[in-house]
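The sequence and the structure come first.

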Amino acid sequence: MFEHALVMKRLALACATLGLVTAAAAASAAPIKVGLAIDISGPFAAAGADQRDGFNLAIEMLGNKLGGQPAEFLQTDMAGNPDQARQLVERWIQRDKIDLFSGPTGSNVALAVGPALFAAKVPYISSNPGPSQYAGAQCNAYFFGTYQNDTVHESAGKFASDKNYKKTVLIAPNYPAGKDGLTGFKRRYTGNVADEIYTKLGQLDYSAELAQLRSAKPDSLYFFLPGAMGINFIKQFVAAGLSKDITLIAPAFSGDEDIIQAVGEPMLGLFNTAIWSHDLDIPASKTFVAKFREKYKRYPSLYAAQAFDVIMGMDGAVRDVGGKVADRPALVKAIKAANYSSIRGKYTYGNNHYPIQDYYVRLIGKDAQGVITNKTLGKVLEKYQDSYHDACKMM
């Protein structure tokens, strides 16, 4: 009888000890690690700063967790440099064992870091670049776009055609997104392309290009010059008096809130196209805009909105796999389901993991308080899918 009691006591003690060990192990479990490549220096610095703010607002609202699980968000400046970004991302993969990745700003950098992430089976949910390579034959199960580069420009091409602009000049930087952009515009534009100009990435003086414009005499100009490039171009374009006769059309990346803040009055009257705008009547979007304006005292740009939405998408996916991010096939499936309240409203991923979604046209004017900002005019494309998905062999 005594021996039985002793055995039971030892068993109870062992169970209690095991319970403490299990609890301690759970408490010390490694957090979910997310690599966030941002560009707060280099050619995409203005956009990178907005992405950083969007990321950080979402992280704050989620209490530094994803799907209710503790998370660690590693943020590093990639400076828009493909070689530097490749080295830093490889370090994250090998040393930090990241589970998810997002950023950077430029498509050239996205193409540089993609192969290492794909080889390590780290899901890459892009907060901006959507290169055509990853949309078509080089699509990958571990890459998810927020939009495909061409599509925002295709919507602008359709808008220009709908407005019956007959003669247009196109300008973009000579890098992957620039080429995708002008290709996209031409795909849906039915008028005459009078000239197609590619500038240096990071160029700030556009006197030669403005002389070409004056000579070409188009009725509209489509330009894709993100960040400081667009800021300088618009100022010089208006100062040269060209805005009197030429209508400016751009993708959101050259006509968004970050550019508006830097340029001011010369932005008035510029048309631009986007996958989202701060005045959309979508509950999740309204909450985001209110929180962003409360924290940062300005309207969020598309860059900030996309970064915020990426973190919320990660949160939904991690929740749906019960925090088991090591199960990569399940995690990829959960990301593709897009089971969360997106600021864009409900969208679906196509076979190439690029969204099928709506595109809007906006006009820069003044709000009720006299603040220069974008106003949505309406949808230009609905539930639109990119032009490369047929070349992707994923189902």
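Is the crossing of helix 3 and helix 4 right-handed or left-handed? The crossing is right-handed. The model is a predicted one, and the values below are computed from it.

**Helix 3 with helix 4**

Helix 3 spans residues 82-96 and helix 4 spans residues 107-119. Their axes come within 9 Å and cross at roughly 30°. Because angles under 35 degrees count as roughly parallel, helix 3 is roughly parallel to helix 4. On the helix 3 side, the contact is made by Pro82, Ala85, Arg86, Val89, Glu90 and Ile93. Helix 4 contributes Asn108, Val109, Ala112, Val113, Ala116 and Leu117. By class, the residues of this contact of helix 3 with helix 4 are 9 nonpolar, 1 polar and 2 charged.

**Helix 2 with helix 11**

Helix 11 (residues 283-296) packs with helix 2 at an angle of about 105°, and the two axes are 11 Å apart. Helix 2 and helix 11 are therefore roughly perpendicular to each other. From helix 2, Asp53, Gly54, Asn56, Leu57, Glu60 and Met61 take part. They meet Thr287, Phe288, Lys291, Phe292, Lys295 and Tyr296 of helix 11. The contact of helix 2 with helix 11 has 5 nonpolar, 3 polar and 4 charged residues.

**Aromatic pairs**

How many aromatic pairs does a search of the whole structure find? The search finds 25 aromatic pairs. Two of them are set out here.

| Pair | Geometry | Centre to centre | Angle between planes |
|---|---|---|---|
| Phe44 and Tyr175 | tilted | 5.9 Å | 40° |
| Phe185 and Tyr222 | stacked | 4.3 Å | 20° |

Phe44 sits in the loop between strand 1 (32-38) and helix 2 (45-61), and Tyr175 in the loop between strand 7 (167-173) and helix 7 (176-188), so this pair ties together parts that are 131 residues apart in sequence. Both Phe44 and Tyr175 are buried.

The pair of Phe185 and Tyr222 also links distant parts of the chain.

Which residues do ring pairs link into a cluster? The cluster consists of Trp92, Phe101, Phe118, Tyr124, Tyr134, Phe143 and Tyr354.

How values were computed:
Residues are numbered from 1 along each chain as its sequence is written. This is a predicted model: local features need pLDDT of at least 70, side-chain atom pairs count only at pLDDT 80 or more; totals for chains, interfaces and linings use all residues. Side-chain values use heavy atoms; hydrogens and water are left out. Axes are lines fitted to C-alpha atoms, for helices over the stretch in contact, and angles run from 0 to 180 degrees between N-to-C directions. Helices (H or I, at least four residues) and strands (E, at least two) are DSSP runs, numbered from the N terminus. Angles under 35 degrees count as roughly parallel, over 145 as roughly antiparallel, 65 to 115 as roughly perpendicular and the rest as oblique. A crossing is left-handed if the near helix is turned anticlockwise from the far one by less than a right angle, and right-handed if clockwise. Contact means heavy atoms within 4.5 Å. Ala, Val, Leu, Ile, Met, Phe, Trp, Tyr, Cys and Pro count as nonpolar, Asp, Glu, Lys and Arg as charged, and the others, Gly among them, as polar. Rings of Phe, Tyr and Trp (its six-membered ring) pair if their centres lie within 6.5 Å; planes under 30 degrees apart count as stacked, over 60 as edge-to-face and the rest as tilted. Buried means under 20% relative accessible area, exposed over 50%, partly exposed in between (1.4 Å probe, protein chains only).
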